Amino acid sequence: MNEATLQRLFGWQHAFDHPAVLWLVGGVFLVLVLATGLVAGLSASGRIGASTRLELHQRIKSWWILAPLMIGPVLLGAASTFAAVLLLSLGCYREFARATGLFREHLISALVVLGILATTFAVVDHWYELFMAALPLGVVTIAGIAVITDAPKGYVQRTALGVFAFAFFGNGIGHLGYFANDVDYRPIVLFVLIAVELNDVFAYVCGRLFGRRKLLPHISPNKTWAGAIGAVVLTSAFVALVGPHVLAGRPCAEGSRLLLLGLLIAIAGQLGDLVLSAIKRDVGIKDFAATIPGHGGLLDRFDSLVLVAPAVFHLIGYEHGIGLSSVPRLLTGG
Amino acid sequence: MEPWRLRPARDHGMSLEQRMASTRREPGLIEAIGQRIAGSALSCLLRVWHRLQIEGREHLPATPPFILVANHTSHLDALALTTALPWRVRQSTYLLAASDVFFETPTRSLLASVLLNALPMRRQRQVRHAIEDLRTRLVEDAFGLVMFPEGTRSATGAMQAFKPGLGMLVAGTAVPVVPCHLEGAFAAWPRQARLPRPRPVVLRIGAPLRFDNASDDRDGWATVVRTAEAAVLGLTARSRS
């Protein structure tokens, strides 16, 4: 393993080498301080009701814990980023399985977990072909091995849920980890995470301020057209303004391409949110879990990321390539 | 086998601590792996250290729901009963354990839940509510349950009277009750001993009893308890004759 690889994996002292990283982390801190002040101000003025106040307080408090947990591993190095993404994948799968009942199918559950581990192996190894092959191979493995229990009743549901879970939480979220194979992964990963979360906040705020017409009332009764459009406009603006600094030197750092990136994050983010909401409505639950006070489960918080991660990965990958200058097949040596 | 249903875990939305203290807890992959490892090790121990013999295996229901009941003299009892079950059935079988012993501390709760698939049962307070909850689950979720209707381990080795809880669980349901009798477990690991001694243990399994027609009231519960108690005692008599 050469020095550059070691530094990429464990070189925490390079956390702020890229100037955009400091700005992004500082920006998050500033936004949290401002939001805390705003909520405190609104509470003191008595302009918000008791329940809204409690909800906002809980949300802000959780963000103070969540933000370091999301940013910390990215800053520390690629190794901790891989580990954090693996934990996120497993955590999201667990919540999905317990919500849909798939957790009762131990064989399928074990196969999905193995698939997530195999995907992580491909990510850590920087073995792009295996990473891409993991999804089709995972489908074949889950569908094939599921027959051995000789239980045809419910085969389609079990297998379909397993494949769906692996595609979303193993492969989809896994793309976020693969970014860390790029030498300059820190600004990109932080940028995507921040844009996705801001997109949620923009949708919430625009919806509260201007929302009247419901977007998809059966899936998510609180979402409005104003929220959705406001988020698309503001997220695109954020990406267009901050993007040139984060992606400086890459071909995708210019106007129209950044606009495309912003649109992709805004639309895929909201679709991810709606997809997971549809699942919750279908199953008949309000939240996926009670892991994060004020937010619900991991899947309630990171729902947008599930679709954004692969979409953004392939857009940036198509324009520029990801990890091209890093040594491939670290562990297998290809 | 029952068709697949899209339904969340019974303990959905509970924190880890709440799950451990609840009879609604449903095990997942981690627990299944823990139980497989613990189950293999313990069944090995029972076969080697206690030369466990199992008679009447043919009486065990092929699929849940069912309740295994037995006399209770030792901590080996539950392990011997679960060992008798094939893995497919065992992984959907819970052990009803006293919450004041097995769920006293967070570590014990975690071990009891993950390794033994135990569900907590209070011995005094709120028993009625917990049993009603469990009765609903037993019928709807169709799982196996291992329980000791005496409520606690016998101090002398002699069987004590059964408590009405068993009746409240099954009276008027189609859930079969399988009477079992354990011999030698008291000599192997009595209440006073810290560790089990290498004495032989014999498990006898009797024919399942059904209480579909028993009424779900005090009379019905008493009938269930009397019948089950007699059936377990009957297995003792058979072993002595």
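Begin by selecting chain B together with chain A and displaying the polar contacts between the two chains: in this predicted model, 11 residue pairs are in polar contact there, with both residues of each pair at pLDDT 80 or more.

The area buried between chain B and chain A comes to about 1800 Å², and carbon and sulfur atoms give 57% of it.

Stay at the interface and turn to the charged groups. Side chains of opposite charge can pair when their charged atoms come close. Between chain B and chain A the count is two salt bridges, while the structure holds 23 salt bridges over all chains. For one of the pairs between the chains, select R98(A) and D11(B), whose closest N and O atoms are 2.9 Å apart in a salt bridge. For another, select E26(B) and R104(A), which form a salt bridge with the closest N and O atoms at 2.8 Å. This second pair crosses between chains from loop to loop, since E26(B) is in the loop between α1 (16–20) and α2 (29–49) of chain B and R104(A) is in the loop between α4 and α5 of chain A.

Now hide chain B and look at the helices of chain A. Select helix α1 (residues 3–10) and helix α4 (residues 78–100) of chain A, which pack at an angle of about 45° with their axes 4 Å apart; α1(A) and α4(A) are therefore oblique to each other. To see the contact itself, show R8(A), L9(A) and F10(A) in α1(A), which meet A78(A), A79(A) and F82(A) in α4(A). The residues of this contact divide into five nonpolar, no polar and one charged.

The last two stops concern the backbone. Most residues other than glycine have a negative phi, and most peptide bonds are trans. Against that background, select H126(A), found in the loop between α5 (106–125) and α6 (128–145) of chain A, where phi is near 55°, a positive value in a residue other than glycine. Finally, bring chain B back and select P64(B) and P65(B), which are joined by a cis peptide bond with omega about 5°; P65(B) has its place in the loop between β1 (53–55) and β2 (66–70) of chain B.

Conventions: Residues are numbered from 1 along each chain as its sequence is written. Chains are lettered from A and ligands numbered from 1 in the order in which they are written. This is a predicted model: local features need pLDDT of at least 70, side-chain atom pairs count only at pLDDT 80 or more; totals for chains, interfaces and linings use all residues. Side-chain values use heavy atoms; hydrogens and water are left out. Buried area is the accessible area (1.4 Å probe) that two parts lose on being put together, summed over both. A salt bridge is a side-chain nitrogen of Lys or Arg within 4 Å of a carboxyl oxygen of Asp or Glu. A polar contact is a pair of N or O atoms within 3.5 Å; within protein, one must be able to donate a hydrogen and the other to accept it, and residues adjacent in sequence count only if both atoms are side-chain atoms. Axes are lines fitted to C-alpha atoms, for helices over the stretch in contact, and angles run from 0 to 180 degrees between N-to-C directions. Helices (H or I, at least four residues) and strands (E, at least two) are DSSP runs, numbered from the N terminus. Angles under 35 degrees count as roughly parallel, over 145 as roughly antiparallel, 65 to 115 as roughly perpendicular and the rest as oblique. Contact means heavy atoms within 4.5 Å. Ala, Val, Leu, Ile, Met, Phe, Trp, Tyr, Cys and Pro count as nonpolar, Asp, Glu, Lys and Arg as charged, and the others, Gly among them, as polar.
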